[in-house]
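Please examine the sequence and the three-dimensional model shown below. The report that follows describes the fold, selected residues and the confidence of the prediction.

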Amino acid sequence: MNFDPHSPKVDVPPTPEDDGTSLPLLPTWSSVYRFVVIVFLIYVLLLTILSRVFA
Amino acid sequence: MNLLDYLVLLGTILSIAVYGVWRTRGRRDLNTYLKGVGDTNWPVIGLSVMATQASAITFLSTPGQGYEDGLGFVQNYFGAPFALIIISVFFLPIYRRLKVYTAYEFLGQRFDTKTRLLGAALFLLQRGLGAGITIYAPAIVLSTVMNWRLDATIICSGLVVIAYTVAGGSDAVSHTQKYQLGVIFAGMAAAFVVLLVRLQSQITLPDAFVVAGGFNKLEAVDFSLNPDKRYTFWSGLLGGMFLALSYFGTDQSQVQRYISGASLRESRLGLMFNGVCKIPMQFFILLLGALLFVFYQFDKPPVFFNETAWKAALAQDSDGQLRSLEKKFDASHIEKEAAIRRWLEAKHGTNPELEVKTRAAALVAHKRSEDIRAEAKKALQKATPDAKASDSDYVFITFILRHLPHGLIGLLIAVFFSSTLASKAAELNALGSTTTVDLYRHLVKRDAEDAHYVKASRYFTIFWGLVAIGFALFANMVENLIEAVNILGSIFYGVVLAMFLVAFFVRRIGGTAIFWAAIVAQLLVFVLYNVLKISYLWYNIIGCAMCMVIALIFQAMLGQNSPKEESDSLR
């Protein structure tokens with residue numbers, strides 16, 4: 001078996017999948033993923049503050 | 001419920017279902033029936049993924065969870081954003097590139113036919129057995145509080161969902177879910193606003209947060225490493241990521257939602273939408289529960305929130321114990337309310353010692369009140385042994401029926417039905433697709449016309465819908481049903497996830513090694529489940545790890561993948 005998730009080696013034609021996100025401030029997928037992680041960290045920070053303030 | 005409520009309820013439910021059928025009328029080829037016309041954009045995908053996960057019990061039970069235990073449950077979703085990123089990077093491009101209808105087709109292309117069938121069979125077994133729960137769990141609550149017949153509630157909601165899922169296929173599910181989720185958000189927001197207004201007639205909003213915090217309902221994040229604690233940051237991040245990876249990445253009811261996107265971009269953004277919105281959504285539902293707790297410190301709650309069960313027990317209360325407990329609870333509530341008001345007054349004053357003292361007194365009064373509630377639950381079970389002692393599922397619905405204006409009550413009941421229909425439709429759609437594509441088309445009739453497979457898919461969807469209704473009708477015969485289904489899921493999920501992780505990341509393992517490893521690991525999980533006394537959630541990780549290690553050992557024993565196996569795997 002010669003299968004690599006990063007390259008289209010399986011017997012199906014490679015599709016011209018859109019690499020761009022078409023988002024104005026997040027042009028690449030890595031920037032979108034970074035954004036999701038940063039938002040997650042902000043949620044954790046806000047929830048931690050909420051827990052501490054009203055403890 | 002009055003006539004206006006029933007009009008709102010029926011109008012909402014039926015108009016969305018009819019829209020789903022009309023929007024997707026005339027779908028005849030398999031591709032559009034199972035994946036839509038390929039024009040689904042990311043908001044629809046995002047809402048569809050969200051609606052599939054959020055069943056009615058999410059909206060009925062989660063406020064009750066917030067009422068009982070506070071916000072800590074939100075940590076269970078901390079792993080979800082990371083799991084969705086992994087799926088977006090690794091799983092999704094391959095599903096789309098291979099143009100699969102089901103996730104298990106990918107196993108067939110990567111490994112071989114027998115591994116694909118094993119994956120599909122494990123999904124059908126697990127999801128098929130659990131199919132009735134999505135209908136049963138909310139039906140039992142709604143029929144109890146509304147005095148509806150349980151069987152009629154189950155059959156009506158089951159038939160509506162079968163009708164539009166069968167008629168419109170995957171596209172109907174996605175497009176109806178969009179509006180169902182709209183109804184859900186509108187209803188929950190309305191309930192939240194009404195709660196805030198009612199609360200502010202008693203105390204200010206900042207004071208409400210002080211009371212919630214004072215009774216430990218706002219402890220949202222706990223960084224403790226104590227494994228005995230049920231909800232911590234670490235268990236949510238690691239365990240939650242693992243569970244979300246299994247559920248979103250390999251469960252066909254979710255995979256079918258996002259592979260139908262117009263492009264990879266739309267599917268990815270749909271997943272990232274959930275990565276961003278899932279935690280705040282759960283937070284607000286839990287916060288609603290925490291604020292309901294505060295509300296019921298100033299507005300006397302029933303001693304037991306399942307009032308129908310309580311009334312049934314009162315009828316058996318020959319020695320007057322339940323009535324006496326009711327009176328004691330009422331008196332303790334008056335004392336508690338006064339103690340909390342003294343504490344808030346002290347908090348606004350300048351004497352910190354008095355504040356500490358009055359807060360301690362409020363906590364003691366609360367404990368006394370909770371002790372009476374616990375005693376009442378025991379007495380209830382003694383009077384009516386079949387009654388369930390937990391009443392947290394009834395907290396939110398009790399508030400809705402007692403405090404919301406007519407019209408809004410109908411809308412909120414529509415919320416619960418909409419969420420039942422949305423998640424049930426996705427499940428039935430996935431069960432019908434997997435049975436058609438992975439079993440029927442592969443094992444029974446290989447080269448038929450698309451119209452034939454669409455027809456077969458419709459029949460299989462009806463079949464699974466009837467199984468779900470049948471299971472839900474007889475569900476009360478099974479003890480502790482929801483936990484049983486969760487245990488079932490945890491027992492199977494680990495091995496299924498391992499099959500996919502090996503497929504994506506361990507190139508040297510072939511179909512024969514993973515197939516036998518999955519079977520051995522699954523049997524070992526069954527054995528361990530009967531031998532070990534650990535939380536069932538651990539079997540997700542144990543099953544996955546065992547399957548991957550055994551597959552590596554088997555592959556080492558078998559040597560390198562043979563060319564025959566390689567060609568078979570690409571067939």
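## Overall dimensions of chain B

For 571 residues, a compact globule would have a radius of gyration near 25 Å, and chain B agrees with this because its own value is 25 Å. The radius is taken over C-alpha atoms, and the globule rule is 2.2 Å times the number of residues to the power 0.38. Along its principal axes, the C-alpha trace of chain B spans about 80 × 50 × 45 Å.

This is a predicted model, in which local features need pLDDT of at least 70 and side-chain atom pairs count only at pLDDT 80 or more, while totals for chains, interfaces and linings use all residues. Residues are numbered from 1 along each chain as its sequence is written, and chains are lettered from A and ligands numbered from 1 in the order in which they are written.

## Secondary structure and packing

Chain B contains 23 helices and 0 strands. Helices (H or I, at least four residues) and strands (E, at least two) are DSSP runs, numbered from the N terminus. Of the 571 residues of chain B, 54% count as buried. A residue is buried if 20 or more other C-beta atoms lie within 10 Å of its own, exposed if 12 or fewer, and partly exposed in between, with C-beta atoms placed from the backbone.

Among the contacts in chain B with a separation of 6 or more, 86% join residues 24 or more positions apart. Two residues are in contact if their C-beta atoms, placed from the backbone, lie within 7 Å. The largest nonpolar core has 191 residues, of which B:Leu291 and B:Cys547 touch the most other members. Such a core is a set of buried Ala, Val, Leu, Ile, Met, Phe, Trp, Tyr and Cys residues joined through C-beta atoms within 7 Å. Outside the four places on either side in sequence, B:Cys547 touches B:Val495, B:Ala498, B:Ala517, B:Ala518 and B:Ala521.

## Helix 18 of chain B

Helix 18 of chain B covers residues 408-444; at 1.5 Å a residue, its 37 residues should span 54 Å, and the 50 Å between its end C-alpha atoms agrees. The expected span is 1.5 Å times one less than the number of residues.

A kink of about 35° in this helix is centred on B:Thr436. The bend at a residue is the angle between axes fitted to the seven residues ending there and the seven starting there. Because 31 of its 37 residues are buried, helix 18 of chain B is largely enclosed by the rest of the structure.

## Selected helical residues

B:Ser369 belongs to helix 16 (residues 352-383) of chain B and is buried, since 24 other C-beta atoms lie within 10 Å. Apart from residues up to four places away in sequence, B:Ser369 touches B:Phe329, B:Ser332, B:His333 and B:Lys336.

B:Val210, in helix 10 (residues 205-214) of chain B, is buried because it has 22 C-beta neighbours inside 10 Å. Beyond four places in sequence, B:Val210 touches A:Phe54 as well as B:Leu344 and B:Lys347. B:Ala167 lies in helix 9 (residues 150-200) of chain B and is partly exposed, with 18 other C-beta atoms within 10 Å. Setting aside neighbours within four places in sequence, B:Ala167 is in contact with B:Val21 and B:Ala172.

## Residues with positive phi

A:Ser22 is not a glycine, yet it has a positive phi of about 60°. This residue is placed in the segment before helix 1 (29-53) of chain A and counts as exposed, because it has 9 C-beta neighbours inside 10 Å.

B:Lys99, also a residue other than glycine, has a positive phi near 50°. B:Lys99 is in the loop between helix 5 (80-97) and helix 6 (103-110) of chain B, and its 13 C-beta neighbours inside 10 Å make it partly exposed.

## Confidence of the prediction

The mean pLDDT of chain B is 85, and 92% of its residues reach 70 or more. The pLDDT is the predictor's confidence in each residue, from 0 to 100. Among the elements of chain B, helix 13 (residues 264-298) has the highest mean pLDDT (94) and helix 23 (residues 563-569) the lowest (43). Over residues 563-571 of chain B the pLDDT is below 50, and this stretch has 16 contacts in the model beyond near neighbours in sequence. Where pLDDT is low, the predicted coordinates should not be read in detail.

For the complex, the predictor gives an ipTM of 0.83 and a pTM of 0.84.
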